[in-house]
Amino acid sequence: MVETFQLTRKGPNNLRLHEPTGFDCNAVFLTVSSLWRPSSHDHGLADRDLELNWEPSCDPAMLPDWVGLFDTNPSTTEIPSPLVKVHPADHHDGFFRTNVSLGRPLLPGGWEFGHNATPTEGDHCFPYWAASFRGDQLVHMDCLKIRPTWMWDHRLQLRSLSLGGLFIPGTHNSACYKGSLTRRDTFSRYLLTQDTGVWGQLVHGIRYLDLRVGYYPPTNKTDTKDHRTRFWVNHDLIRVGPLLPVLREVKQFLQKTMGEVVILDLHRFPVGFHGRPARHRCLVALLTRELKSIALPVSSVSASTLLRDIWDRDDNRRLIVAYGDKNVAAESTWLWGPLSQVWGNQQTPSGLRNFLQRSMDSAKQRSPGLWAAMAELTPTPLDVMFNPTGSLRVMANAVNRNLTSWFRNEWWSHTNIVATDFFLGNNLIDVAVAANLRKINMVES
């Protein structure tokens with residue numbers, strides 16, 4: 001059995017919440033299903049169901065008697081009535097998808113995009129809690145939460161970790177979400193990879209963003225000549241939404257926070273750039289105008305740089321911009337070169353696990369540097385064309401809860417960046433925070 005290593009933290013309202021490192025047979029947490037069903041109350045939107053999760057590897061005798069979903073804090077003196085009550089021994093795969101929808105709640109703590117007031121640091125709960133019980137005795141609880149300032153919240157512990165030594169939670173095709181899609185597309189079920197926009201991802205705790213950028217010239221003489229409108233976020237060859245709003249969301253997040261470090265990876269340029277160096281120059285000019293003032297220059301920072309050295313800088317620069325064309329990046333004093341992505345092109349959870357296991361084994365001998373494990377399933381062209389019931393949502397649902405267990409129990413110590421689809425379907429943000437604290441505790445001990 002994997003060692004249980006419990007770290008506690010003060011959560012919202014000073015609740016004592018447990019960081020999910022190692023595993024504890026009483027531990028529970030909430031995720032949001034990547035699957036969706038038509039909303040019964042909001043036309044055109046989809047319900048996102050909450051999922052109760054616990055450790056599937058435990059002996060049934062070690063599991064709690066029951067697990068509940070609550071819409072009020074269950075640690076009060078009188079246990080409130082649960083919205084859902086589940087007996088873990090009856091569900092051997094370690095989770096239960098409820099019929100309670102998250103809906104589209106505002107981000108708590110003043111973190112809604114465009115909110116003028118200064119948001120509150122620290123973790124903030126949505127009004128949903130998971131709790132486990134033995135009889136009527138509460139043994140563990142956690143809430144569905146945002147963690148907008150987790151790096152700065154733990155600055156005293158994390159300051160001696162390097163960028164390359166951090167476990168950094170990320171997203172794959174980060175700007176491919178429903179709100180960004182500007183047109184209907186026959187294959188949209190294979191275009192969208194997230195349910196939350198870039199701002200929401202950062203507020204939840206994501207610190208690595210993966211983008212593919214396309215260039216689209218004017219289609220007629222009346223089209224604007226402003227190059228800023230020509231750059232789009234793509235999912236491979238299909239454009240999804242404009243790039244400029246994404247850059248500005250990243251910038252605003254960093255301006256709202258004190259110590260969060262974000263990696264923006266412009267990994268590929270699949271449309272409009274081949275043989276067109278002037279378009280790269282236009283994109284670099286846009287990036288320079290929007291982001292250079294907050295970006296860490298590659299000339300003075302590397303993967304071995306400690307967080308304390310970034311936080312001690314006078315200029316408060318905390319953004320890394322990786323550019324997927326090494327020749328273009330080499331001409332810049334502040335852009336980082338291509339960031340290594342380890343991608344397995346796998347279609348099954350077992351295939352992905354085997355690939356990631358090999359990648360993690362290789363990571364132990366890997367030279368220092370930033371690298372990302374792309375921990376998502378990939379459809380084949382035949383899937384896209386001829387599987388009407390398939391989608392990236394279905395594929396994410398098949399693997400996300402496994403990722404939580406794999407990285408929490410096995411791979412946390414030598415992971416750098418992990419990028420996933422529909423990130424709310426796993427618990428890797430909490431796993432990453434706990435793993436980083438665990439690394440510090442192991443070094444100090």
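Modeller: A disulfide (a pair of cysteine sulfur atoms within 2.5 Å) joins Cys125 to Cys143, with an S to S distance of 2.0 Å. The model is predicted: local features need pLDDT of at least 70, side-chain atom pairs count only at pLDDT 80 or more, and totals for chains, interfaces and linings use all residues. Residues are numbered from 1 along each chain as its sequence is written, and side-chain values use heavy atoms, with hydrogens and water left out.

Biologist: Where do Cys125 and Cys143 sit in the chain?

Modeller: Cys125 is in strand S10 (residues 124–134) and Cys143 in strand S11 (residues 137–146); the pair links distant parts of the chain, 18 residues apart. Helices (H or I, at least four residues) and strands (E, at least two) are DSSP runs, numbered from the N terminus.

Biologist: Why is the disulfide of Cys125 and Cys143 left-handed?

Modeller: The torsion about its S-S bond is about -75 degrees, so the disulfide of Cys125 and Cys143 is left-handed.

Biologist: How many disulfides does the structure hold?

Modeller: The structure holds 2 disulfides. Cys25 is joined to Cys58, also with an S to S distance of 2.0 Å. Cys25 is in the loop between strand S2 (16–19) and strand S3 (28–32), while Cys58 is in the loop between strand S6 (49–54) and strand S7 (66–70), 33 residues apart. The torsion about the S-S bond of Cys25 and Cys58 is about -100 degrees, so this disulfide is left-handed. With the bonded cysteines numbered in sequence order, the pairing is 1-2, 3-4.

Biologist: Are Cys25 and Cys58 buried or exposed?

Modeller: Both Cys25 and Cys58 are buried, where buried means under 20% relative accessible area, exposed over 50%, and partly exposed in between (1.4 Å probe, protein chains only). Cys125 and Cys143 are buried as well.

Biologist: Over how many bridges do S10 and S11 pair?

Modeller: S10 and S11 pair in the antiparallel sense over 8 bridges. Ser132 stands opposite His140 in S11.

Biologist: New topic: how many aromatic pairs does the structure hold?

Modeller: The structure holds 15 aromatic pairs. Rings of Phe, Tyr and Trp (its six-membered ring) pair if their centres lie within 6.5 Å; planes under 30 degrees apart count as stacked, over 60 as edge-to-face and the rest as tilted. One of the pairs is Phe70 with Phe133, which is tilted, at 6.0 Å centre to centre and 55 degrees between the planes. Phe70 is in strand S7 and Phe133 in strand S10, 63 residues apart. Both Phe70 and Phe133 are buried.

Biologist: And why is the pair of Phe231 and Phe273 stacked?

Modeller: The ring centres of Phe231 and Phe273 are 6.1 Å apart and their planes are at 25 degrees, so the pair is stacked. Phe231 is in strand S14 (residues 231–235), and Phe273 is in the loop between strand S16 (262–271) and helix H5 (277–291). Phe231 counts as buried at 1% relative accessibility, and Phe273 does at 3%. Tyr215, Phe231, Phe269, Phe273 and Tyr323 form one aromatic cluster.

Biologist: Which charged residue sits over the ring of Trp232?

Modeller: The charged end of Arg239 sits over the ring of Trp232, 4.6 Å from its centre. Such a contact requires NZ of Lys or CZ of Arg within 6 Å of the ring centre and within 35 degrees of the ring normal. Lys85 lies over the face of Trp66, at 4.5 Å from the ring centre.

Conventions. Two strands pair if DSSP finds at least two bridges between them.
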